[in-house]
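Hi,

Here is the structure I said I would pass on.

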Amino acid sequence: MRPPSFSLLATGLTLGASLAASLAHAAVTAVTTPPSCSARSGPTAAPVVELFTSEGCNSCPPADHWMSTLKTDPGVVALAFHVDYWDRLGWKDRFASPAYTQRQAQTQASSGARFSYTPQVLLDGADRKDWSRIAALSVQRQRPAARVDVTLVREERRFSATVVPASGAPARLAAYWALTENGHSTAVKAGENEGVTLKHDYVVREYQPVAAWNSANPATLRFEPNTQRDPAHPAEVNLVIVDADNGRPLQALKLGC
């Protein structure tokens, strides 16, 4: 039989080890739990760049590459929507969605484009065929004064935004949320890009429109992504506020935390 003093010591060691393990687990949990974070829009409207692209389009890779260069301009809100109408021509784009195709069609009413095509770049809602010559978007020209003030907050997996009308705000506002990811690549095995490895940034993985509301009072918008975070593909949650009557962006904000 083991002496009582040794049993007590062993018990104490066991309890101490259990406590240490619990504290270590708590420390790991504290480190890995996503922190709260927030951002607030500035006095001018942020540039909003929307790319409509497809892995099945052989003229799209240069536009995809150009989008990646925007990472040097943190003031830009960049969104790459992969459309699905190329999917029937030999290669199915894993990032494509009919919702993104529909969004592209809806922008024609105000973008100046006569039809949908790829690659198409919209800057602040306007069709820009000269996208390859656009640089330093946030400082290239005088940005318009913000007509709404936006505060974006993350609490764990939930995002909320407060939208406050400013001077010159239109009577009705609308919005959309978009979760984007960077650092994707695809080895294309069929279609126009067969044999090419494509690289993508700002890939829209989730898109959620927000119905129009009267801008007379502040509004609170909420979004909870379904996509699980992957450290290999840094994600951002973007919110774009638009004029409900013409769809043109008024302000945009993003959080990468």
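A term to start with: I call a residue buried under 20% relative accessible area, exposed over 50%, and partly exposed in between, using a 1.4 Å probe and protein chains only. By that rule W177 is buried, with a relative accessible area of 0%.

Before the rest, some bookkeeping. This is a predicted model, so local features need pLDDT of at least 70 and side-chain atom pairs count only at pLDDT 80 or more, while totals for chains, interfaces and linings use all residues. Numbering runs from 1 along each chain as its sequence is written, and side-chain values use heavy atoms, with hydrogens and water left out.

Now the rings. Phe, Tyr and Trp rings (the six-membered one for Trp) pair if their centres lie within 6.5 Å; planes under 30 degrees apart are stacked, over 60 edge-to-face, and the rest tilted. Searching the whole structure gives eight aromatic pairs. In one of these, F81 and Y100 have ring centres 5.4 Å apart and planes at 70°, so the pair is edge-to-face. F81 sits in strand β3 (residues 77-82) and Y100 in helix α3, 19 residues apart, and both are buried. For the element names, helices (H or I, at least four residues) and strands (E, at least two) are DSSP runs, numbered from the N terminus.

W177 comes back here: it forms a stacked pair with F223, at 5.2 Å centre to centre and 15° between the planes. W177 belongs to strand β8 and F223 to strand β12 (residues 219-223), so the contact ties together parts that are 46 residues apart in sequence. F223 is buried too, with a relative accessible area of 3%. Ring pairs also link F52, F81, Y100, Y176 and Y207 into a cluster.

Two residues of that cluster, Y176 and Y207, turn up again in the largest pocket, which has a volume of about 400 Å³. Of its 25 lining residues, the closest to the centre are R103, Q106, Y176, Y207 and G247. On a 1 Å grid over the protein atoms alone, a pocket is an open set of points where a 1.4 Å probe fits, with protein on both sides within 12 Å along at least five of seven lines; lining residues have an atom within 4 Å of a point. Points are joined across faces, edges and corners, and the volume is the space filled by probe spheres set on them. α3 gives the most to the lining, with eight residues. The lining divides into 13 nonpolar, eight polar and four charged residues (Ala, Val, Leu, Ile, Met, Phe, Trp, Tyr, Cys and Pro are nonpolar, Asp, Glu, Lys and Arg charged, the others, Gly among them, polar).

How many disulfides are there? The count comes to one, taking a disulfide as a pair of cysteine sulfur atoms within 2.5 Å. C37 and C257 form it, with their sulfur atoms 1.4 Å apart. C37 is in strand β1 (residues 37-40) and C257 in the segment after β14 (249-255), 220 residues apart. C37 is buried at 18%, whereas C257 is partly exposed at 29%.

Last, there are ten salt bridges (a side-chain nitrogen of Lys or Arg within 4 Å of a carboxyl oxygen of Asp or Glu). Among them is R172 with D245, the closest N and O atoms being 3.0 Å apart. R172 lies in strand β8 and D245 in the loop between β13 and β14, so this bridge joins parts 73 residues apart in sequence.

Cheers
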